[in-house]
Amino acid sequence: MVRIQEAILVEGKYDRNTLSQIVDAPIFETAGFGIFKNPQQRELLRRVAENRGLIVFTDADGAGLVIRNHVKSFIPGQFLKHAYTPDILGKERRKAKPGKEGKLGVEGMTREVILEALRRAGATVGEDSAHPKTGITKQDMMALGLSGGKNSSTLRLSLQKKLGFPAQMSANALLQALDLLYTLEELTDIVKTLERSNG
């Protein structure tokens with residue numbers, strides 16, 4: 001497992017699954033073209049990029065290029081790095097036939113190709129003391145009532161709304177975003193404020 005300091009943005013869950021077996025880094029998905037209709041997701045990605053840096057790692061096809069260009073329209077270039085897959089014809093194992101352009105996507109690339117693409121993009125390999133982990137854990141989420149409790153989902157939705165995060169985030173995705181953007185102390189204060197205002 002190679003530790004990458006920057007967060008990585010991919011198109012979908014299969015790309016995410018492939019990368020999560022190779023790199024230790026926060027990985028976000030665009031949900032394909034779903035990013036065009038989700039202002040909260042765009043704002044979250046902008047904040048993550050400004051805080052940690054973001055590597056855009058979309059497929060080498062036309063759709064991947066459209067998504068990449070859209071990301072460039074709402075995140076300043078100084079916070080972005082771009083990883084590119086080579087044009088390799090073929091199909092992913094899970095698919096019955098190749099994609100529209102017949103090229104392998106991120107999910108179909110080998111470990112070596114993915115790591116080389118990240119290196120070429122300028123990924124920061126290893127720990128960077130400028131961005132220490134805040135250390136928010138699943139246990140912290142439970143202790144704050146954000147998971148495992150009777151009203152956890154309601155509290156999570158209130159928190160996501162207050163922070164401007166997408167409403168459809170899973171508890172794990174929320175944990176990842178909180179860990180990137182807040183300290184445990186900041187999160188505790190926010191949750192206490194929410195609980196007081198919700199009575």
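The structure is a predicted model, in which local features need pLDDT of at least 70, side-chain atom pairs count only at pLDDT 80 or more, and totals for chains, interfaces and linings use all residues. Residues are numbered from 1 along each chain as its sequence is written, and side-chain values use heavy atoms, with hydrogens and water left out.

The chain contains 8 helices and 6 strands, defined as DSSP runs (helices H or I, at least four residues; strands E, at least two) numbered from the N terminus. Along the sequence, their order is β-β-α-β-β-α-β-α-β-α-α-α-α-α. Along the principal axes, the C-alpha atoms fill a box of roughly 55 × 35 × 30 Å.

Of the 199 residues, 45% are buried, that is, under 20% relative accessible area (1.4 Å probe, protein chains only). The largest nonpolar core has 35 residues. Such a core is a set of buried Ala, Val, Leu, Ile, Met, Phe, Trp, Tyr and Cys residues joined through side-chain atoms within 4.5 Å. Val71, Leu159, Phe165 and Leu178 have the most contacts inside this core, and α7 gives its largest share, 6 residues. Leaving aside residues up to four places away in sequence, Val71 touches Leu9, Ile35, Val56 and Leu80, a contact being heavy atoms within 4.5 Å. A second, separate core of 21 residues includes Val2, Ala83, Val106 and Met109.

Key
Buried means under 20% relative accessible area, exposed over 50%, partly exposed in between (1.4 Å probe, protein chains only).
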